[in-house]
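Subject: Structure handover

Hi,

Here is the structure I promised you. Please open it first, then read my notes below.

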Amino acid sequence: MDPERSRPGGRRRRAGRAAGTRRRVVAVTARPRHEDIHGRDFGGRRTMCLVEREHELSALSDMLTKCGRGSGGAALITGGIGCGKTALLTELGRRAAEDGFLVLGAVGSWAERRSRGGVLGQVFRQAEIRPGDGDALTGLLDRLNGPPADPDGTAPGLGPRPLDAGTAAALHRLCAEVARIAERTPLLLCVDDVQFTDPLSAHWLLLLSRRLPAARIVLVMTECTLSRPAHPGLHAELLRQPGYHRLPLRRLSRQGVTALLSEVLGADTARTLAADCHAVSGGNPLFVRALAADSGHRADDPGAAAPELVVADGYRDAVAGCLHRGLPTLLRLAQALAVLDEGTPGGRGDGPHPVGRLAEVDAATLRRGMHALDSAGLLDGGRLRHPVARAAALDSLTGPERSALHRRAAELLYEEGAPATAIARHLLAVGPFAGPGPLPWAVALLREAAERQLAANRPAEAQACLEAALRACDDDAERLRLKALLAGTAWVLNPSVSARHLGELAGALRDGRLPDRHALMLAKYLMWHGCFDEAADAVERIGRSGAEHDPVTAAEARATRELLSATYPALVPRTAGPEGAGGPRLVRPARSERPRGPAPGDPRARGAAALSRVLRHGPDQDAVAAAEAAMRAMLLGKNTHEWLTCAVSALLFADRITAAADWCDHWLEEARNRRVPLWVAEFSSLRAGIALRQGEPVRARELAETALTRLSAESWGVCVGGPLANLIQAATDVGDHQAAAGYLDIPVPPGTFRSRFGLYYLYARGNYYLETAQPHAALDDFTTCATLMRQWGFDQPALIPWRSGAARAQRALGDTAQAYALAREQLVRAGEEQSRTRGISLRTLAAASRPAQRTALLTKAVAVLEASGDRLQLAGALADLGEAQARAGHPARARALVERAADLAERSGALPLAAELRTAPAAASGPPAWGRFPAVSPGPGADAAARLLTAAERRVAELAARGHTNRQISERLGITVSTVEQHLTRIFRKLGVRTRAELSMPDTHRAAAG
């Protein structure tokens, strides 16, 4: 009689369970009853969540009901590793225990598959059997404990070796004893992972299955989908039984994944993560729970943003556990897949698939193994679903084992004619464990792979291939060619890396050991690093070799010469003659000049030539059009990025600042997307220079700092003058003189001043000297700029308005006449076009002119600068105009102008200037004392000495210079006499004067005296 039936409410409980099986999610809580040696609980008290298993659970519950009535049965639950077979078995054990069943369990394992009677012993080790029954069973089990498996690895039972008569009889008696126990108490026998059951135990299960129709025994087994069928004899016997059920478990649907995630993360988060979780887990419940745990840790973080699927250690451990629980063949296949990262299985043509060859399995095993991995949710289109899964598959390999696997993969793919880049990936992964020796074809293949990576704008991958090829190459000539290619490849990542090879390559080129086609490439790199003599030889070698008769080489030579002539004009000036009739060449006194042909249609040459034209002839609409046309014809790449910077610079120096900014933003975004450090650094530095001309020193500083972060100052070579000049100028513009001094402390190679970038540096340093009351040093830098620009034919104010700086320095030194002459000359050179350069020139001329002329000049300057878009220069011009209006007796106009100037300065980031303007008398309420204003307001055009003083100190200094006593100053400014004395003490110290009379000298206050 069923014990459950004798207990009150037994039928109600069973009815409630039957209703529960119709729910989508079954939550289970059971108390501990039986737990096997592997930790699986087949009747315990634990909380779990079964999703999309209603049909299977209902079928198994029906088997328990029929068993209680006297008819047993068998069921085999199949599915991929981790798909919930054990969870279903555990739930069934809990229900059976509640219904009064005796629940016995065992687990098969790969490690114990040859242990004689291993599973059979587990079944009865923890069985709750009456004392008499226990003695009988113990005797039978002792009889079965015989010698271990034979040396060939087989054991008697199901398989090639038959049972001896005594063992067979003992197994039959054991089945009979179990059947007698089941007459008193119905029995549920659970065997997990039956595919790993030892042959003797499997034979006993086969014998027991024949008794099931007439016994109150339910035999439920789970079996993983593996690379080969397990115990076909047992399968055949089960199929003959009338009460047999085969229950395949499918992976979870997306809705099932959502339900399972909800138990851990909540419904809202589960809906957000379900799609990604289903894609990564493949619907495997074990993986879903692992991903939920990984993501739950992030969700518990109070600072976490929106819910995001985290694939971390939990998922990695779950994948590793699945792979190590199965047959070793599955692990080898997963490792082969992880190494090859192949697409859909099937191989190429009719030959063996490389995964099978690498894992060393036959085609049938490969097919079944891939099916097993797919059933577990590990594969997607024949590939492991996630990089973390690939890492988990390889975790157990040692360094030499992984190296050997990659080496073998490279050999297999080479034999199959795979792409060079795919094979190179494995050669690079071999690492220090090189195996028996280098592969004879490896060097050539790595070089081919590097060239393909370069063509695809992947310089980092190309560099890795070339470095590996160099390590494996023992041919001196080939090593030189590889170093030349490596120098060009490493250049865009870190020019310092390529510098290590330049000396050797230059010597090889000079000796004729390196082909001439590398000459121009070497010239660029040598000049960058200041090796000008070696660069001269490299440039001229092309002309002497006659290589320019080849159209491709000729186009490359023209483009490179145009680039070098615009960047290093002291070394590669253009030949004499009409514009376009000759190309640039390197100046070497002992060598004769060779005329060049007309400019080719190469957009690189057109872009660089446009810059040269602007530098030599000033803003030119044709040059602007040529620069933009050249950029439209180019894509950012290893052989174009330098010419693109030339084209953008042509727009900048032609005063087309908005267009230059738009183009530079475009190329900078492209460079960031490609993640090439040199490109990001160069375009960031160029964009910083544009931002300075837009009156945005804060942004310019950020961009210039990015340029020096992506590429160290050492790696910039002689071109470091560009980003440093931007940093110095930006810090000076915002009043951060301490930072500017720090930037000036960074060493600059002497060769910088033989390049265009040296001009930027000198001009920025000169401006810093002016703002820190060092007019003599400033004038020296501006004069050096003038000398270089005249020598190179670059004397264009749109490039460097050195005359403005020199005029300010002359005014600070007291030479107003010379200042006026310089300002007037720059205005003439700036032309009539309403450009930023003309606005600066007008403002400079106004500062050097008589007070009666200033208002008209400054009004024009404000109009021009407003149109140019330079907010900081406009702020200075407005402040100057406000001072002029104040002196002319128009306080309301002056106040409005100074207020607007302060707003612009604040928006530009020049906060000290903005604060000083707001506290100036012109910005204050009430009738201002206009006489206290200097002729030029503090700003980019302010008197250098006066800029050392605060606004309050300047007011005190001006009144003292006019002869006012301390008490008069106190009454006039509304401050105490003691405060006046303190101000004067600081003023004397800052200006280096000892008497009040010295305050009125021209070098400290000439503008006020006028």
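In which kind of crossing does helix 21 pass helix 22? The crossing is left-handed. Left-handed means that the near helix is turned anticlockwise from the far one by less than a right angle; clockwise would be right-handed.

A word on the source. This is a predicted model, where local features need pLDDT of at least 70, side-chain atom pairs count only at pLDDT 80 or more, and totals for chains, interfaces and linings use all residues. Residues are numbered from 1 along each chain as its sequence is written, and side-chain values use heavy atoms, with hydrogens and water left out.

**The whole chain**

The protein chain has 48 helices and nine strands. These are DSSP runs, numbered from the N terminus (helices: H or I, at least four residues; strands: E, at least two). The chain has 1010 residues, and 58% of them count as buried. Buried means under 20% relative accessible area, exposed over 50%, and partly exposed in between (1.4 Å probe, protein chains only).

**Two helix pairs**

Back to helix 21 (residues 459-472) and helix 22 (residues 476-491). They pack at about 155 degrees, with axes 9 Å apart. Axes are lines fitted to C-alpha atoms, for helices over the stretch in contact, and angles run from 0 to 180 degrees between N-to-C directions. Helix 21 and helix 22 are therefore roughly antiparallel. The cut-offs: under 35 degrees is roughly parallel, over 145 roughly antiparallel, 65 to 115 roughly perpendicular, and the rest oblique.

Now take helix 26 (residues 551-567) and helix 29 (residues 641-653). Their axes come within 11 Å and cross at roughly 50 degrees. Helix 26 and helix 29 are therefore oblique to each other. Helix 26 also passes helix 29 in a left-handed crossing. Ala559, Thr560 and Leu563 in helix 26 meet Glu642, Trp643 and Cys646 in helix 29. Contact here means heavy atoms within 4.5 Å.

**Two buried arginines**

Arg701 sits in helix 32 (residues 697-710). Its relative accessibility is 18%, so Arg701 counts as buried. The Arg701 side chain makes a polar contact of 3.4 Å with the side chain of Tyr743. A polar contact is a pair of N or O atoms within 3.5 Å; within protein, one must be able to donate a hydrogen and the other to accept it, and residues adjacent in sequence count only if both atoms are side-chain atoms.

Arg843 lies in helix 39 (residues 836-848). At 4% relative accessibility, Arg843 is buried too. Its side chain joins that of Asp880 in a 2.7 Å polar contact.

Best wishes
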